[in-house]
Amino acid sequence: MIPNPQQTRDKIQALAAIVGADQVTEWAQIEASFQDQLSQAIAPNSHPDCVVYPATPDELAAVMACAHRHGWRVLPCGSGSKLPWGGLAQDIQIVVSTARLNRLIDHAVGDLTVTAEAGMRFADLQEILGRSRQFLALDPSYAATATLGGIVATADAGYRRQRYGGVRDMLIGLSLVRSDGQVAKAGGRVVKNVAGYDLMKLLTGSWGTLGLLSQVTFRVYPLPDASQTVLLTGDAGAIQSLITELLQSALAPTAIALLSPALTATLTDAAALGLLVRFQALPISVEQQVAQLTALAQSHACTATLPPLPPDAPTGFPDVVLWQRLQEKIEAPGQGPALTGKIGVVPAQAVAALTKLVAIAPSPLLGQIQAGSGLGLIRLDVADASPELVAQMRQICQGAGGFLSVLAAPPAWKQSVDIWGYGGNAFALMQAIKHQFDPQRLLSPGRFVNGL
């Protein structure tokens, strides 16, 4: 839908009266890179009238109340790093960015909790926590630019899920603005407070369809004293038996990532099925666990190596560059059109499923699955990603007790497939929840499962 010039001016004036003229940007004035990100989230041949940047929770609530009165359809976002993920929003009229809601509210060092506005970048929060030798135990995609609200909205936990759990396990409180501009809260600022627990679960992974997060509270953890990552390679049978024994052992890895041969090759010379295992604890504990894992690998005919680190690897936890390298290969900014998919399988089926996915891919498949949870990501060139191939890959994942959802792909390509592939029995309940929170379907219409 191409905006009407007079209607556009009216919207901008109404929003500027709330937040100030310098916090509203008309479409034509948005910088090209952000326009491109927005275009990845919106149905082709349309664009919003403007982007509005509320700088306080009150401004955010007033903006949504204004949108509700006028029936404007809204696309929420933070920095925009994950806008290319998910379905294509329909007939969006305004974009509401929380990027300027980026203040630290409270860091209770002794209680191991932190409260911040939803637009704060994950990297900035980690820097603040690091001054007290604490950290938020998540490892999201686009970690340098991702905002806290975007991480919650997409439930993007990353590799640390093996040890610490998912986003909803970290989240102990939140504030949100409903589609009508009313403010709601759940949870609190202490770990033992469980009020509103269900609401926090509901908002985690809701893709901006139920409300706009304005503030979040997380539990945090002390920084470990040492970190070491081991790469194990071998054939499928050996890797599967190794994973089974590793998960049943007394070892306590922070992360276990099963890697496709093409992804393993980015860390070492061997293009073989790989298992990347990270230990973080006291130095003596890390040393002993690495030794035990090495012995375990040898008993399963797998090769254990310490992947080489670049000369400029950071001091403290130099192995962080290995995990960053994996994420960068999957994210692959600037490397041409690609399809990125989120997959899930029963953990015991992870090796078999990844092996089958690699076998049917026309070109080397970049893929990783977290061995403990069965969740992972795959990436392949769009030129190779026909709807038929995606259907085959989805069938493999479903046959392994899981799913395949397309996260990122060119908008025109997304229109040719069911990107979510949801076949469960909860859709009627999801519709009812959407109607309860957003009866006018103003928030991210079309972004979530089956066009929610």
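Trainee: Which element gives the largest share of the lining of the second largest pocket?

Mentor: Rolling a probe the size of a water molecule over the atoms shows where empty space is left. In this predicted model, local features need pLDDT of at least 70 and side-chain atom pairs count only at pLDDT 80 or more, while totals for chains, interfaces and linings use all residues. Residues are numbered from 1 along each chain as its sequence is written, and side-chain values use heavy atoms, without hydrogens and water. On a 1 Å grid over the protein atoms alone, a pocket is an open set of points with protein on both sides within 12 Å along at least five of seven lines, a cavity is a set where a 1.4 Å probe fits but cannot get out, and lining residues have an atom within 4 Å of a point. Here α12 supplies the largest share of that lining, 6 residues; helices (H or I, at least four residues) and strands (E, at least two) are DSSP runs numbered from the N terminus.

Trainee: Which residues lie closest to the centre of the second largest pocket?

Mentor: Phe122, Gln126, Arg160, Val320 and Gln324 do, out of 25 lining residues.

Trainee: What volume does the largest pocket have?

Mentor: A volume is the space filled by probe spheres set on the points, which are joined across faces, edges and corners. The largest pocket holds about 1400 Å³. Its lining comprises 49 residues, with Ala155, Thr204, Gly205, Trp207 and Lys342 closest to the centre.

Trainee: How many cavities of 30 Å³ or more are counted?

Mentor: The count is 1. The largest cavity has a volume of about 380 Å³, and α5 gives 5 residues, the largest share of its lining.
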